[in-house]
Each structure stands twice: as C-alpha cells, then as structure tokens.
Amino acid sequence: AISNISVFPASWKKLVGDSQVRPFHALSLRIEGNAEFTFEKGSVSVESNNILFVPAYCNFHLNAAAEKLIVIHFNTNQPIADSIQKLPPSNPSIYRQYFEEILDVYSKREVGYEYACKGLLYKIIASIERDCSRKKETVSNEKIQSAIRYIHRNFTEEKFSVRELSEIC
C-alpha cells in the first residue's frame with residue numbers, strides 16, 4: 001500500500017512561507033529546532049523530537065527557525081488523517097534511530113533499497129500506532145481511576161448515583 005518513498009535530510013536557519021500543493025504525504029522527525037504550522041483546521045507547534053505528519057494536498061503556512069529534520073515522502077492507497085498531526089514520541093531515541101536508518105538505506109540506494117525503505121516506514125508507522133494506543137489507554141485508565149475515587153468517596157451517601165458516575169466516565 002506504500003509507494004513512491006523518498007527520504008532526505010532538511011535544514012534551514014529560518015523558513016517562512018506557504019506550502020505548495022504536494023501529491024504525497026510527509027512524515028518528519030525534528031532533530032533540532034521548532035516550527036509553527038497553520039492550516040485550515042488550526043495550527044500545530046512542533047519542536048525537537050516531535051514527529052509531524054502532513055497529508056497529501058494539505059495547504060499550510062510554515063514559520064520555522066533553525067531546524068534540522070529527516071523527512072519521508074510517500075504515497076499510499078490507505079486512508080490516513082486528513083489534517084496535520086503532531087506525534088510526540090514516547091521514546092525519541094528509538095524514532096531517531098529508525099529515521100536515520102531509513103535515510104541511510106535510501107541514500108545508498110543499494111539493490112532492494114525500495115523494499116527496505118518500505119519495511120522501515122512500516123516499522124515507524126507501527127511504532128507510532130503503538131504510542132497512540134498507549135496514550136488512549138492512559139486516558140481511559142485515568143477516567144476509570146476517577147470513577148473509582150468517586151465510588152470510594154460517595155458509596156455510603158444517599159446522593160450516590162449511577163448517572164453521576166457515568167458522567168465522570
């Protein structure tokens with residue numbers, strides 16, 4: 001489902017401007033620096049160690065200062081988010097290793113590099129999926145803990161109600 005991968009390092013001292021329409025998705029890891037992306041659905045600030053996903057055909061305004069990043073451009077026939085997404089990774093050093101590895105494989109362009117790059121991109125995407133899943137579990141666990149605290153504080157009270165408990169959850 002992934003095709004047309006290209007990987008490259010990017011850096012600049014200052015970059016301000018509007019995007020050009022691009023027919024591919026971009027996934028980047030910021031090694032250094034920060035940037036502000038403003039787009040139709042809002043804005044996103046990114047800093048060192050953040051991963052940023054920019055969908056194909058997404059128009060945005062960029063205001064960036066002293067950045068260094070690794071960017072992966074790709075196409076896919078699978079549905080992906082339709083707006084810019086910031087992904088603060090749980091373990092930035094692992095992601096940096098993955099991004100540097102895919103850059104190295106792409107740069108050398110040895111026999112079979114396209115397949116190796118696809119495999120590494122799938123590895124990155126799987127890691128992102130796991131990170132996002134863990135964050136959802138944490139939010140869910142926090143809600144459950146709030147409900148348990150409510151029960152402990154109020155189970156002997158006449159005002160205790162399942163309706164209030166469900167609102168907490």
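Strand E1 (2–18), E2, strand E4 (51–54) and E5 each contribute at least two residues to the lining of the second largest pocket. The model described here is predicted. Within this lining, E1 gives the most, with 7 residues. The second largest pocket is lined by 20 residues in total. Nearest its centre lie Trp-12, Arg-22, Phe-37, Phe-60 and Leu-62. By class, the lining of the second largest pocket comprises 13 nonpolar, 4 polar and 3 charged residues. The volume of this pocket is about 340 Å³.

The largest pocket holds about 460 Å³ of space. Its lining counts 19 residues, and those closest to the centre are Phe-53, Ile-80, Ile-125, Ile-128 and Glu-129. E5, E6 and helix H2 (113–154) each supply at least two residues of this lining. H2 provides the largest share, 7 residues. By class, the lining of the largest pocket has 13 nonpolar, 4 polar and 2 charged residues.

Salt bridges were examined next. The count comes to 4. One of them joins Asp-82 to Lys-41, with the closest N and O atoms 2.9 Å apart. Asp-82 lies in the loop between strand E5 (60–76) and strand E6 (85–87), and Lys-41 in the loop between strand E2 (25–39) and strand E3 (42–46), so the pair ties together parts that are 41 residues apart in sequence. Both Asp-82 and Lys-41 are exposed.

Helix H1 (residues 92–108) carries the pair Arg-96 and Glu-100. Their side chains meet in a salt bridge at 2.9 Å, N to O. The two residues are 4 apart, about one turn of the helix. Arg-96 has a relative accessibility of 34% and therefore counts as partly exposed. Glu-100, at 38%, also counts as partly exposed.

Another salt bridge links the side chains of Asp-104 and Lys-108, at 3.2 Å from N to O. Both residues lie in helix H1, and they too are 4 residues apart, about one turn of the helix. Asp-104 is partly exposed, with a relative accessible area of 37%.

Asn-50 is placed in the loop between E3 and E4. Its relative accessible area is 5%, so Asn-50 is buried. The side chain of Asn-50 reaches the backbone nitrogen of Glu-47 at 2.9 Å.

The protein chain averages 87, and 91% of the residues score at least 70. Confidence is highest in H1, at 96. The salt bridges Arg-96 to Glu-100 and Asp-104 to Lys-108 involve residues of this helix. Confidence is lowest in helix H3 (residues 162–168), at a mean of 72. Where pLDDT is low, predicted coordinates should not be read in detail.

Methods. Residues are numbered from 1 along each chain as its sequence is written. This is a predicted model: local features need pLDDT of at least 70, side-chain atom pairs count only at pLDDT 80 or more; totals for chains, interfaces and linings use all residues. Side-chain values use heavy atoms; hydrogens and water are left out. Buried means under 20% relative accessible area, exposed over 50%, partly exposed in between (1.4 Å probe, protein chains only). pLDDT is the predictor's confidence in each residue, from 0 to 100. On a 1 Å grid over the protein atoms alone, a cavity is a set of points where a 1.4 Å probe fits but cannot get out, and a pocket is an open set with protein on both sides within 12 Å along at least five of seven lines; lining residues have an atom within 4 Å of a point. Grid points are joined across faces, edges and corners, and a volume is the space filled by probe spheres set on the points. Ala, Val, Leu, Ile, Met, Phe, Trp, Tyr, Cys and Pro count as nonpolar, Asp, Glu, Lys and Arg as charged, and the others, Gly among them, as polar. A polar contact is a pair of N or O atoms within 3.5 Å; within protein, one must be able to donate a hydrogen and the other to accept it, and residues adjacent in sequence count only if both atoms are side-chain atoms.
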